[in-house]
Amino acid sequence: MDRTQKEATIAALQSKLQDTGLVVVTHHLGLTVKEVTDLRAKVRAAGASFKVTKNRLARRSLQGTQFEGLDGLFKGPTAIAFSKDPVAAAKVVADYAKTNEKLKIVGASLGSQILDAEGVKALASLPSLDELRSRLVGMIQTPATRIAGVLQAPGGQVARVLAAYAKKDDEAAA
């Protein structure tokens with residue numbers, strides 16, 4: 001990689017990190033190409049990105065961003081997962097690390113706050129932004145359906161009372 005390619009790589013990674021809420025640093029020693037491809041597909045499906053990085057280029061890319069505190073974590077074979085959603089990347093990487101011990105979570109940065117591996121696992125246990133949105137919509141819709149049920153109930157009760165009187169009159173006439 002020549003100097004211009006390195007500068008282009010650094011600029012591209014810095015621009016991606018500007019819109020990112022979370023960066024997770026991992027070690028991937030021993031992962032096969034198939035396993036990395038599978039992990040990338042899962043990460044992409046969650047709306048995040050996974051990139052194997054050169055340590056020096058990653059450190060230079062982090063300079064001037066809110067993730068500068070991750071600088072010391074780039075030792076050995078590292079890769080980063082990042083997403084706008086503060087939970088998506090952590091959730092996918094933590095789930096994959098549970099099933100494949102070759103992937104190790106080193107740490108993460110949620111904005112300017114640095115998290116260790118346990119912090120990433122705790123963050124992964126939280127519901128994603130989409131899950132929270134769907135819960136909120138469900139909570140908003142629930143009172144509306146209850147109100148509709150209450151409003152319909154009196155009409156149904158009146159109809160049952162009238163039907164009971166009609167049945168009683170039919171029995172009395174017979």
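This is a predicted model: local features need pLDDT of at least 70, side-chain atom pairs count only at pLDDT 80 or more; totals for chains, interfaces and linings use all residues.
**Entry 1**

Residues are numbered from 1 along each chain as its sequence is written, and side-chain values use heavy atoms, with hydrogens and water left out.

S4 and strand S5 (residues 113-116) run antiparallel and are joined by four bridges. Strands (E, at least two residues) and helices (H or I, at least four) are DSSP runs, numbered from the N terminus. Two strands pair if DSSP finds at least two bridges between them. The hairpin has two residues between its strands, and Gly111 takes a positive phi near 65 degrees there.

**Entry 2: the sheet**

I wrote down the strand order as S2-S3-S1-S4-S5, an open sheet of five strands with antiparallel pairing. Strand S2 (48-52) and S5 stand at the edges with a single partner strand each, so one side of each has no neighbour in the sheet. On average, neighbouring strands of this sheet are turned by 20 degrees against each other, direction ignored.

I then looked at strand S1 (residues 22-27) and strand S3 (residues 78-83), which run antiparallel and are joined by six bridges. Val25 stands opposite Ile80 in S3. H1 packs on the sheet and touches S1, S2 and S3. The direction of H1 makes about 40 degrees with that of S3. Contact means heavy atoms within 4.5 Å. Axes are lines fitted to C-alpha atoms, for helices over the stretch in contact, and angles run from 0 to 180 degrees between N-to-C directions.

**Entry 3: H4 against H5**

How do the axes of H4 and H5 cross? The axes of H4 and helix H5 (residues 117-124) come within 8 Å and cross at roughly 110 degrees. That makes H4 roughly perpendicular to H5, a term that covers 65 to 115 degrees. On the H4 side I listed Ala90, Lys91 and Ala94, and on the H5 side Val120, Leu123 and Ala124. The residues of this contact divide into five nonpolar, no polar and one charged. Ala, Val, Leu, Ile, Met, Phe, Trp, Tyr, Cys and Pro count as nonpolar, Asp, Glu, Lys and Arg as charged, and the others, Gly among them, as polar.

**Entry 4: salt bridges**

I found five salt bridges in the structure. The term means a side-chain nitrogen of Lys or Arg within 4 Å of a carboxyl oxygen of Asp or Glu.

Glu7 forms a salt bridge with Arg3, with the closest N and O atoms 3.5 Å apart. Glu7 and Arg3 are about one helical turn from each other, because they lie four residues apart in helix H1 (residues 3-18). Arg3 is exposed at 67% relative accessibility, while Glu7 is partly exposed at 42%. Exposed means over 50% relative accessible area, buried under 20%, and partly exposed in between (1.4 Å probe, protein chains only).

Lys42 and Asp38 meet in a salt bridge at 3.6 Å, N to O. They are also four residues apart, in helix H2, so about one helical turn separates them. Lys42 is partly exposed at 42%, and Asp38 is partly exposed at 34%.

Glu35 and Lys102 meet in a salt bridge at 3.6 Å, N to O. This pair links distant parts of the chain, 67 residues apart. Glu35 is in helix H2 (residues 33-45), and Lys102 is in the loop between helix H4 (88-99) and strand S4 (104-110). Lys102 is partly exposed, with a relative accessible area of 32%.

How values were computed
Angles under 35 degrees count as roughly parallel, over 145 as roughly antiparallel, 65 to 115 as roughly perpendicular and the rest as oblique.
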